[in-house]
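Visitor: Please walk me through this model, beginning with a charged side chain.

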Amino acid sequence: MNKIIAYDGDTRHVRVTRREARKIFNHGAPVVFCPSKLYPFGGFRPSCMVQNSDAWPDFDCAVRNFEWYNCTHETGYYPAFYVARAKP
């Protein structure tokens with residue numbers, strides 16, 4: 001997997017695998033979902049930040065819903081996952 005770093009203002013987000021994103025989500029930290037062909041913090045803000053809560057108790061359910069409504073042939077067929085990390 002490519003190491004991709006995206007910035008949202010001063011916050012640094014690093015792309016992670018689905019397995020890592022599931023672990024982080026289950027621990028209660030927010031995960032950013034974005035279609036694979038798009039930049040997560042671009043002009044149109046194609047991404048969404050999802051956190052483990054009553055609305056999204058299950059990671060796989062959140063991913064399926066995101067794929068159904070946001071992933072197409074133009075934006076990419078699968079989501080990319082980003083998490084906030086401190087600057088090195």
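**Salt bridges, rings and surface**

Guide: Asp60 is partly exposed, because its relative accessible area is 30% (buried means under 20%, exposed over 50% and partly exposed in between, with a 1.4 Å probe and protein chains only). The model is predicted, so local features need pLDDT of at least 70 and side-chain atom pairs pLDDT 80 or more, while totals for chains, interfaces and linings use all residues. Residues are numbered from 1 along each chain as its sequence is written, and side-chain values use heavy atoms, leaving out hydrogens and water.

Visitor: Which side chain meets Asp60 in a salt bridge?

Guide: Arg22 does, at 2.7 Å from N to O; a salt bridge requires a side-chain nitrogen of Lys or Arg within 4 Å of a carboxyl oxygen of Asp or Glu. Arg22 belongs to helix H1 and Asp60 to helix H2, so the pair ties together parts 38 residues apart in sequence. Helices (H or I, at least four residues) and strands (E, at least two) are DSSP runs, numbered from the N terminus. Arg22 is partly exposed, because its relative accessibility is 29%.

Visitor: How many salt bridges does the count come to?

Guide: The count comes to two. Arg18 also forms one with Glu67, with the closest N and O atoms 3.5 Å apart. This pair joins helix H1 to helix H2, so it ties together parts 49 residues apart in sequence.

Visitor: Changing topic, how many aromatic pairs are there?

Guide: The structure holds five; rings of Phe, Tyr and Trp (its six-membered ring) pair if their centres lie within 6.5 Å, with planes under 30 degrees apart counted as stacked, over 60 as edge-to-face and the rest as tilted. The rings of Phe59 and Phe81 have centres 5.7 Å apart and planes at 45°, so this pair is tilted. Phe59 lies in helix H2 (residues 59–70) and Phe81 in strand E5 (residues 79–85), so the pair links parts 22 residues apart in sequence.

Visitor: Are Phe59 and Phe81 buried or exposed?

Guide: Phe59 and Phe81 are both buried.

Visitor: What about confidence, then?

Guide: The mean pLDDT of the protein chain is 89, and 100% of its residues reach 70 or more; pLDDT is the predictor's confidence in each residue, from 0 to 100.
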